[in-house]
Amino acid sequence: MFSILAAKSIDFSKAQFLIKSVISQVADLRNERAFSNIYLQITSFCEEHNIDLLSTPRARRVPTLSSRFKDVVITISVGQRETMNNEDQYRTNLYYPLIDSTLIELNDRFSFENMQILNGISALCPDSDNFLQSEVLKPFALQMKADFSLLCNEIQVLKQMLKDSKLNSIVDL
């Protein structure tokens with residue numbers, strides 16, 4: 001995977017594979033075993049560096065919830081902090097919510113529609129397996145508000161023009 005990231009250029013279809021792989025790996029971390037491994041590493045680090053993981057922080061003031069939030073469900077921090085002093089609390093109050101919010105963000109940012117557009121962009125690269133395939137280009141063309149039937153006609157002409165040329169990149173195109 002790191003060799004893909006270190007390459008001078010990256011094909012968007014390879015980027016799509018990489019994105020799916022990252023989402024899958026993050027999703028695989030949402031289980032007891034993965035948390036236990038991470039928690040074990042954290043406790044070892046804390047012991048090595050004389051950090052008391054289970055100590056409660058010194059309260060500077062008594063936290064109170066604003067009256068305007070009295071009958072409201074709050075999904076983000078409003079300055080209050082729950083004290084976590086055991087493995088189960090770290091797992092349920094920190095680890096799982098962090099994994100869940102990361103997955104939500106990744107799935108929103110790289111939705112099926114966005115991935116189709118990304119795949120359409122890759123169809124403009126001469127070294128792509130999908131080079132100038134109309135159906136692969138369609139989501140990108142629609143996003144750009146291009147006339148798809150006109151684009152298909154242009155692609156047919158362009159394919160004939162490029163038949164004997166040696167294109168290596170989108171810049172050459």
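A charge is taken to sit over a ring if NZ of Lys or CZ of Arg is within 6 Å of the ring centre and within 35 degrees of the ring normal. In this structure, the charged end of arginine 30 meets that description over the ring of tyrosine 96, at 4.3 Å from the ring's centre. The model is predicted, and local features need pLDDT of at least 70, side-chain atom pairs count only at pLDDT 80 or more, and totals for chains, interfaces and linings use all residues. Residues are numbered from 1 along each chain as its sequence is written, and side-chain values use heavy atoms, with hydrogens and water left out.

Tyrosine 96 also belongs to a cluster in which ring pairs link Phe35, Tyr39, Tyr90, Tyr95 and Tyr96. Rings of Phe, Tyr and Trp (its six-membered ring) pair if their centres lie within 6.5 Å; planes under 30 degrees apart count as stacked, over 60 as edge-to-face and the rest as tilted. The structure holds four aromatic pairs. One of them joins tyrosine 39 and tyrosine 90 in a tilted arrangement, 6.0 Å centre to centre with 45° between the planes. Tyrosine 39 lies in helix 3 (residues 32–48) and tyrosine 90 in helix 4 (residues 87–109), so this pair ties together parts that are 51 residues apart in sequence. Helices here are DSSP runs (H or I, at least four residues), numbered from the N terminus. Tyrosine 39 is buried, with a relative accessible area of 12%, and tyrosine 90 counts as buried at 15%. Buried means under 20% relative accessible area, exposed over 50%, and partly exposed in between (1.4 Å probe, protein chains only).

Side chains of opposite charge can pair when their charged atoms come close. A salt bridge is defined as a side-chain nitrogen of Lys or Arg within 4 Å of a carboxyl oxygen of Asp or Glu, and by this rule there are five. Among them, arginine 91 meets glutamate 32 at 3.4 Å, N to O. That pair links distant parts of the chain, with arginine 91 in helix 4 and glutamate 32 in helix 3, 59 residues apart. Arginine 91 is buried at 10% relative accessibility, whereas glutamate 32 is partly exposed at 44%.

Arginine 91 also forms a salt bridge with aspartate 88 (3.1 Å, N to O). Both residues lie in helix 4, three residues apart, about one turn of the helix.

Elsewhere in helix 4, arginine 109 and glutamate 105 are four residues apart, about one turn of the helix. Salt bridges that share partners join Glu32, Glu87, Asp88 and Arg91 into one network.

Technical notes:
Helices (H or I, at least four residues) and strands (E, at least two) are DSSP runs, numbered from the N terminus.
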